[in-house]
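Hi,

Here's the structure I promised to pass on.

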Amino acid sequence: MATYDLDEQERLDELKAWWKRWGSLVMIGLAVVIAASAGWRYWQHRTLTQSLEAAAVYEKLTQSLAANDAKAAREAGSMLIDQYKGTAYAPRAAMLLAKLNVLGKDLKSAQTQLEWAAANSKEPAVRDLARLRLAGVQLDQKQYDAALKTLSATHSDAFAFRFHDTKGDVLLAQGKQAEARAAYQTAFGKMQEDDPYRTIVELKLDALGGEVK
């Protein structure tokens, strides 16, 4: 029994010595872990709350557009961009506001909103669509070099034919018919045979002459 008590005392003394040396670091580490866990839970809760709030505002935006209430739509869209810019709804809102401004002939504002959407969206499809529409607005303003630069950005294969088609439009507007035709030909080659837009690209090629491949 005495030997057992001695062993236990030695272990206890070792534990006390270890704790005296490392205890403060252990407590600091534990505090950091607890704080990180609490911060992670707070971040998750805040992200979910922000997303739900943004969804409600986005619904108001789409309803306002459906009701042709441009003022309410602009207010909802601005709120999403200003207060919920970290959500997926903000770039989509910017694109809807850009469309509203294009209809109102305010191409400068539309361009600003599309540039913001392209720069801030984390969704590749939304980003690609924003760039396509941005290039279209730049083309309408005769900003040909800027439009070609926009279209030179990396994009997904799903939008490849649209990027090449729009590039053809820009080149044609610059009077570069041979280069425009090459761009249209590339777009045509990347489209599915049952794509209804394929006929439009084919008409563009026919107008420029030569064989459609």
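Below is what turned up when I went through it.

One thing before you start: this is a predicted model.

Let's begin with helix α3, residues 89–103. Just after the helix, look for K105, which takes a positive phi of about 65°.

In soluble globular proteins, nonpolar side chains tend to be buried together. Here the largest core has 23 residues, and L61, L80, M95 and L114 touch the most other members. Helices α1 (2–66), α2 (70–83), α3, α4 (107–120) and α5 (124–140) each supply at least two of its residues. Which helix gives the most to this core? That's α3, with 6 residues.

If you click on L114 and skip its neighbours within four places in sequence, you'll find it in contact with M95, A98, A130, R133, L134 and V137. There's also a second, separate core of 10 residues, with A183, A187, M191 and V201 among them.

On to the rings. The count comes to 1 aromatic pair: Y58 and Y89, tilted, with 5.4 Å centre to centre and 45° between the planes. Y58 sits in α1 and Y89 in α3, so the pair ties together parts that are 31 residues apart in sequence. Y58 is buried, at 19% relative accessible area, while Y89, at 24%, is partly exposed. Elsewhere, R198 lies over the face of F188, 3.9 Å from the ring centre.

Last, the charged pairs. How many salt bridges does the structure hold? There are 3:

- R92 with E123, closest N and O atoms 2.8 Å apart. R92 is in α3 and E123 in the loop between α4 and α5, so this pair also links parts 31 residues apart in sequence.
- K204 with D165, closest N and O atoms 3.0 Å apart. K204 is in α9 (residues 198–208) and D165 in α7 (residues 160–173), so parts 39 residues apart in sequence are tied together. D165 counts as buried, at 4% relative accessibility.
- K204 with D169, again with the closest N and O atoms 3.0 Å apart. D169 counts as partly exposed, at 23% relative accessibility.

Shared partners join D165, D169 and K204 into one network.

Cheers

How values were computed:
Residues numbered from 1 in each chain as written. Predicted model: local features only at pLDDT ≥ 70, side-chain atom pairs only at ≥ 80, totals over all residues. Heavy atoms only, no water. Helix = DSSP H or I, 4+ residues; strand = E, 2+ residues; numbered from the N terminus. Core = buried A, V, L, I, M, F, W, Y, C linked by side-chain atoms within 4.5 Å. Buried < 20%, exposed > 50% of the residue type's maximum accessible area, 1.4 Å probe, protein only. Contact = heavy atoms within 4.5 Å. Phe/Tyr/Trp six-rings, centres within 6.5 Å; stacked < 30°, edge-to-face > 60°. Lys NZ or Arg CZ within 6 Å of the ring centre and 35° of its normal. Salt bridge = Lys/Arg side-chain N within 4 Å of Asp/Glu carboxyl O.
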